[in-house]
Amino acid sequence: MFRFAPYIWKGMIRHRARTAMTIAGAAVGVFVFCCVGAVQQGLNRLTQGVAANQSLIVFQENRFCPTTSRLPQDYATTIAKLDGVVGVVPMQVYTNNCRASLDIIVFNGAPPTDIRKFDTLRLIEGGWESFESRSDAAIVGIHVARRRGLSVGQSFTIGEVTVQIVGIFESTVANEENLIYTHLDFLQRAAGSANVGVCTLFEVLVREGVDPDRLATTIDSTLHSGPIATTTRRKGAFQASTLADLVDLIEFAHWLGYASVGLVLSLLATTTLMATQDRIKEHAVLQVLGVRPTRVARFVIAESLMICLVGGTIGMLIALTALAWGGFAIGAEGATIAFEPSWSLAVSGLAVSLLVGLLAGLVPALKVATADLVPSLNQ
Amino acid sequence: MSLVEIRGLSKVFQKGGETVKPLEDVDLDIERGEFVSLMGPSGTGKSTLLNLVAGIDRPSAGSIRVGETEVTKLSRAKLADWRAGHLGYIFQTHNLIPVLTAYENIELPLFLLPLSRTERQKRVNIALDAVGLVDRAYHYPRQLSGGQEQRVGIARAIVANPQVIVADEPTGSLDADTGSQIRSLLCQLNEELGMTLLLVTHDREVASLAGRQLRLDHGKIVEASRVRVANSTVGG
Ligand SMILES: Nc1ncnc2c1ncn2[C@@H]1O[C@H](COP(=O)(O)OP(=O)(O)OP(=O)(O)O)[C@@H](O)[C@H]1O
Ligand SMILES: [Mg+2]
């Protein structure tokens, strides 16, 4: 087979424009496939994983947008006393946009000493000391920093909130990298004097071995006697329900991913068929020279496979690079889904290219291997 | 034992509602080293006979043996393998692969044989030398003249040193001058290299080169000498 590689190669570049266009088509298709896959993976990460299931979110009952949930901050003391609670972090959430958006900015205000204890966070620029010592200091997730071009030393304003950026962090939880952390009391005051002593939610860390759902029920029933009723859910479930509308959309979007693969398949199958029809006589001549029909069929498949693999690899690399550098996230009501590159995305992009290349070559290859030689030669 | 042995060969085509029988119960023997030409009116089945010998078409009845091989009994894949080592086919139009150079075109059939790189090189150079195109080795078909292209086609047919070479009107699309070049090349293949040739042609001059001249008429093969005798009888 390898002896014939130069022949296959020269055949492929015979129609440069056609080959290049097919490669571009395959690249676009696999690009879309990878992007949609990244959204899907982001959603899966949000609702699964340790962070999503070992912590609880206490929110005001029947409220959805973070600006409408208003809980007395002293609930924290009550919750902390319950059995099975390791820690409680009161949090103020402030967002520029309660609707679904691709460029959502979400401030989370919490006591700085609590933020420092989050074991998911790692500062890659700036220092914790400057964050703790300055009341309007903020540390910015790497995705937001990339998206908005933010760096340490700048100030950043959204609505009535202006913060000084003193650090940039990475997180083991992708969607956390879309957040900006500030001091709780700063964000409360910035959001208006009525907000002092009031916070949006409590994040409750559950002791290992304790059933988070039982604890959630206990929290809600304990706080039921207070001035404002609460709903407590696992963090993953909370985020999924906040993003419910988006989740529906994303589930629809993954069909788009399959559709783009289908388009690549039909594009490639058409070009491969055209290429073989151009070469009916040549393929017959090869067989007269003594090349087995199955081997000529393999030439055809090799060609469509190569084209699809080259295009698919390009599309996959562009998608992964864009995802890595764009720091894209989609968000609604203060919760965000991060789109991140991953190895599994790269592998599935390549696998799809391989499969499509193979399938697209199959029918033309079969035609080539079974065509009668004499009529083909007389074309 | 003759090299090619054709027995009871028939071919029937269904064309629309009509049945065409270009070959009916044909017997033919070709000896090793023989140069046989086959003439006859258009549409009598000369190409059909050639294609059956080359195993690229199937007979309706009868058998063809070439050397030790029962050509009519082989599968399509086995036929391809057999052609690679034993049969050279010269087309009317050269049918070269346009994206490959003259050298690469000639080398292509050798990829199918268990030959080393140096052995392939040696054989391609011998074939190029035989057709007088050593200085055109790295030209693409579109950079060659019609006669040169046909010579590359001939080099490709002989490069694997086949048992039999079949040629279907090899001078059919060439002008007189280049035609005569090809004629002397064919003679040279037979006389100097001892190759066995079965050649279909409309050109009397080409046919006259052959040691044995045949005609195909109404599905039967007749020795041309006998045809001449018959003609003179009718004429006289
Ligand atoms: N695939 C086919 N289907 C139907 N009829 C065919 C087919 N191939 C050949 N024929 C018929 O068989 C007959 C012989 O054809 P063939 O090509 O062998 O003739 P030929 O002697 O080579 O003619 P020419 O000198 O014009 O090349 C013709 O009548 C042709 O129409
Ligand atoms: Mg013919």
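Predicted model: local features only at pLDDT ≥ 70, side-chain atom pairs only at ≥ 80, totals over all residues.

Visitor: Okay, where is N105(B) placed?

Guide: N105(B) is in helix α3 of chain B, which covers residues 102-107.

Visitor: And is N105(B) buried or exposed?

Guide: N105(B) counts as buried, because its relative accessibility is 0%. Leaving out residues up to four places away in sequence, N105(B) touches L96(B), I97(B), L100(B), P141(B), V152(B) and R156(B).

Visitor: How many residues does each chain put into the contact?

Guide: Chain B puts in 29 residues and chain A puts in 25 residues. Across the interface there are also 13 residue pairs in polar contact, both partners being at pLDDT 80 or more.

Visitor: What about the area buried between chain B and chain A?

Guide: About 2,300 Å² is buried between the two chains, and carbon and sulfur atoms give 62% of that.

Visitor: Let's switch to helices. What's the reach of α13 in chain A?

Guide: Helix α13 of chain A runs over residues 293-326, which makes 34 residues. From the first C-alpha to the last it reaches 49 Å, close to the expected 50 Å.

Visitor: What comes just after α13(A)?

Guide: There you find G327(A), with a positive phi of about 55 degrees.

Visitor: Which residue other than glycine has a positive phi in chain A?

Guide: N62(A) is one, with phi near 60 degrees. N62(A) belongs to the loop between β1 (55-60) and β2 (71-72) of chain A. N62(A) counts as exposed because its relative accessibility is 63%.

Visitor: And what's phi for E169(B)?

Guide: Phi of E169(B) is near 50 degrees, again a positive value in a residue other than glycine. E169(B) is in the loop between β7 (164-168) and α6 (176-193) of chain B. Its relative accessible area is 16%, so E169(B) is buried.

Visitor: Is C35(A) buried, exposed or partly exposed, and what about C199(A)?

Guide: C35(A) is partly exposed, with a relative accessible area of 25%, while C199(A) counts as buried at 0%.

Visitor: What does P90(A) touch?

Guide: Not counting residues up to four places away in sequence, P90(A) touches several residues, including C199(A), L201(A), F202(A), Q73(A) and L184(A). P90(A) is in strand β3 of chain A, residues 85-95, and is buried, with a relative accessible area of 7%.

Visitor: Last one: what separates P90(A) from V356(A)?

Guide: Along the chain they are 266 residues apart, and their C-alpha atoms are separated by 51 Å.

Definitions and conventions. Residues numbered from 1 in each chain as written. Chains lettered and ligands numbered in written order. Heavy atoms only, no water. Helix = DSSP H or I, 4+ residues; strand = E, 2+ residues; numbered from the N terminus. Expected span 1.5 Å × (residues − 1). Buried < 20%, exposed > 50% of the residue type's maximum accessible area, 1.4 Å probe, protein only. Contact = heavy atoms within 4.5 Å. Buried area = accessible area lost by both parts, 1.4 Å probe. Polar contact = N/O pair within 3.5 Å; in protein donor to acceptor, adjacent residues only side chain to side chain.
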